[in-house]
Amino acid sequence: MRKALAHALALGASVREMARPMSFSLKAWLVLLGLLPSLLWANDASEFSAYLGHWEIDFSASESPNDKLRYLYDVTLSDHQRRMASGQNRIGETPFQAINDLRGLVNLGRLGEQITRTAVLNVRMQGNTLYVDRDDNFSLRCEVGGIAEEAENLGYSRCRISDRALVFWLGLPGGFGIEHRLILSERGDRLSIATTVAADGVSQAFSVSRVYQPFEPVTEGIQCQYTLGKGKVCSLNGGLND
């Protein structure tokens, strides 16, 4: 029976088959993440001056979320198959649980793709608050000098400087968490954001790295508006492109 189930797992395991609807609403998660309190464990706003400015994605240096999901999926599937074949599977683990684990990884990947789709960043300070405004996504916010606390029944957001990286941690009830790790290159001409999405009960976290480069925005003569079908649509001289 175990061999038959393992064989069925090998034949049936694909990202397309595992990508069933998530048990939660993706839009609801994104709204909730945008509402989390923002607290920064830091001493001085000057620590973040190098991060400030406008950044646009460098696709040639960035990972593809879909490609990364396929890679992590194959690695996790191979791990399950190896343990079942050798009889070294974890206590209480069954092929059906392995399938649920793979499905959980796909769900993390789907959410990871949504929260890393940003093409343009604007990192700015306003008073004692650091903002990472992300085009077509929720902003990351931190209060400089804040004390890490937990928001009851909602979750929490923490920020810190760690090994020259600005780290945002977003936690939600039930063991679900997201980390954004912002790392500047030595020359300050590249900003990489390594995003990791993890959840209790899923053996493999989903992670993807996106790389941004500085640019000077041009706004004169450009008008943008958001539409339900196309997202943000911009054009010159106020006429919207199709």
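Mentor: Angles under 35 degrees count as roughly parallel, those over 145 as roughly antiparallel, those from 65 to 115 as roughly perpendicular, and the rest as oblique. The model is predicted, so local features need pLDDT of at least 70 and side-chain atom pairs count only at pLDDT 80 or more, while totals for chains, interfaces and linings use all residues. Residues are numbered from 1 along each chain as its sequence is written, and side-chain values use heavy atoms, with hydrogens and water left out.

The part to look at is helix 4 and its partner. Helices (DSSP runs of H or I, at least four residues) are numbered from the N terminus, as are strands (E, at least two). Helix 4, residues 65-86, packs against helix 5, residues 95-115, at an angle of about 165°, and their axes lie 10 Å apart; the axes are lines fitted to C-alpha atoms over the stretch in contact, and angles run from 0 to 180 degrees between N-to-C directions. The two helices are therefore roughly antiparallel to each other.

The contact (heavy atoms within 4.5 Å) draws on residues of helix 4 including Pro65, Leu69, Tyr73, Leu77 and Met84, and on residues of helix 5 including Pro95, Ala98, Leu102, Val106 and Glu113. By class, this contact has 11 nonpolar, 4 polar and 2 charged residues, where Ala, Val, Leu, Ile, Met, Phe, Trp, Tyr, Cys and Pro count as nonpolar, Asp, Glu, Lys and Arg as charged, and the others, Gly among them, as polar.

Arg70 and Asp67 meet in one of them, at 2.3 Å from N to O, and both lie in helix 4, 3 residues apart, about one turn of the helix. Arg70 is partly exposed, with a relative accessible area of 42%, and Asp67 is partly exposed at 44%; buried means under 20% relative accessible area, exposed over 50%, and partly exposed in between, with a 1.4 Å probe and protein chains only.

Further along, Arg82 forms a salt bridge with Asp79, their closest N and O atoms being 2.5 Å apart. Being 3 residues apart in helix 4, Arg82 and Asp79 are separated by about one helical turn, and salt bridges that share partners join Asp79, Arg82 and Arg83 into one network.

Definitions and conventions. A salt bridge is a side-chain nitrogen of Lys or Arg within 4 Å of a carboxyl oxygen of Asp or Glu.
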